[in-house]
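These are my notebook entries on one structure.

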Amino acid sequence: MKKLTALFLAGAMALSLAACGKPAEPTPTPQTSQPSAENTDPTPAPVPEEKGKITYIIGFLGDKSMNDSGYVGIQTLESQGYEVQVIETNSQADKYADYVYDAIDGGADYIVTSSGLDETVAQIAPEYKDVKFILFDMTADYVPSSDNIFALSYAQNEGSFLVGMVAAAMTKSGVVAVNVGKDSPTINDFVVGFVEGVNAYNPETKVVKGVVGSWSDPAAMKTLCETQYRDQKADVFYQVAGGSGAGAFEFAVENDCWCIGVDSDQYTAFAESENPELAEVIVTSMLKEVGNSLVNTFASIEDGSIQWGTTLLAGLADNAVGYVDNDFFRATVPADVVENISSIAAKVVSGEMSVKSYFDFADETEFNTFLQEAGK
């Protein structure tokens with residue numbers, strides 16, 4: 001595995017006319033509660049310019065995580081004049097190509113999708129050079145197969161480092177867990193950053209890792225957390241598992257534990273949901289600002305600065321990752337910890353401090369040794 005370096009979204013003029021002869025007597029202004037026709041601005045509200053059609057192909061909406069974060073950005077683009085279509089695949093991999101071809105047949109100028117469809121896009125994009133493809137959540141070493149593909153990668157290790165510090169500060173047992181939906185290089189980058197953050201705050205705190213095996217199985221996540229709580233004494237759970245993550249929140253509510261959300265502000269998402277009690281265990285969330293990055297990408301398309309055929313790595317310095325610092329966070333986390341995390345974040349942004357990444361390991365064996373040492 002190669003080591004990587006980061007690459008990385010009316011004034012007005014008045015005229016007066018002088019008339020010859022005696023000026024006319026001024027006409028009193030009528031008093032009325034309604035503006036006169038003469039004083040009403042006849043200019044209609046501006047209509048957003050039509051900028052093309054975006055098709056957003058995603059596993060499913062309603063995950064309160066990365067998919068929804070991306071959709072927020074898509075909605076912003078719609079308000080800016082883009083026509084928008086959403087296709088939910090429900091993770092049916094055997095139909096990915098059909099969905100992409102459907103989008104093309106439907107007149108998409110831009111197809112936006114996640115790393116789950118990268119192989120499908122790599123095969124289809126070279127056939128349709130008039131369609132532009134934007135892939136998000138790719139690894140930083142991803143090389144697009146065609147010059148009509150642009151890829152977004154995120155320094156999730158940086159955001160995870162900060163919430164790792166939170167986890168170490170909030171544990172009572174001295175054991176915290178990071179539970180993922182499935183293993184992948186990108187997901188393991190979350191794990192590495194989290195472990196590094198825990199160690200930075202308290203190297204005596206243990207970190208255990210679990211894999212649910214699904215992005216949409218909250219029951220399996222709940223069972224995993226129960227096992228880690230019972231057998232390993234874990235009492236803070238960082239879930240990086242999409243729709244499965246709600247199971248961690250359910251377990252924490254029932255067992256007086258803390259959780260850390262992922263990708264979007266999951267405290268707010270659940271506080272406004274049909275299960276608001278789940279929000280009360282989400283001390284913070286690691287943010288992967290997919291929506292912001294998509295809006296920035298289309299801004300670069302419009303101003304001509306985008307570099308098609310490349311991958312952009314975006315991190316804390318680009319506001320592409322971060323953590324939730326809201327009233328609940330500040331009321332729950334000790335003030336000195338809040339201040340310390342903010343200070344560390346500023347050092348990462350300035351470049352004074354760097355965070356270890358999964359892509360820094362020479363191979364999988366070295367990574368696994370890192371995990372074993374974290375759990376001792």
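I took buried to mean under 20% relative accessible area, with exposed over 50% and partly exposed in between (1.4 Å probe, protein chains only). The model is predicted, so local features need pLDDT of at least 70 and side-chain atom pairs pLDDT 80 or more, while totals for chains, interfaces and linings use all residues. Residues are numbered from 1 along each chain as its sequence is written, and side-chain values use heavy atoms, without hydrogens or water.

**Strand β11.** I checked both faces of β11 (residues 311-314) and found each covered, with T311 and L313 buried on one side and L312 and A314 on the other. Strands here are DSSP runs of E, at least two residues, and helices are runs of H or I, at least four, numbered from the N terminus. I then found that β11 runs parallel to β5 (residues 149-154), joined to β5 by four bridges; pairing requires at least two DSSP bridges. S153 stands opposite L313.

**Nonpolar cores.** I defined a core as buried Ala, Val, Leu, Ile, Met, Phe, Trp, Tyr and Cys residues joined through side-chain atoms within 4.5 Å. The largest has 67 residues, and F136, F194, Y238 and F298 touch the most other members. Helix α4 (residues 156-170) gives the most to this core, eight residues. Apart from this core I noted another of 24 residues, including A177 and F249.

**F136.** Leaving aside neighbours within four places in sequence, I listed the contacts (heavy atoms within 4.5 Å) of F136, among them Y56, M66, S114, L152 and L294.
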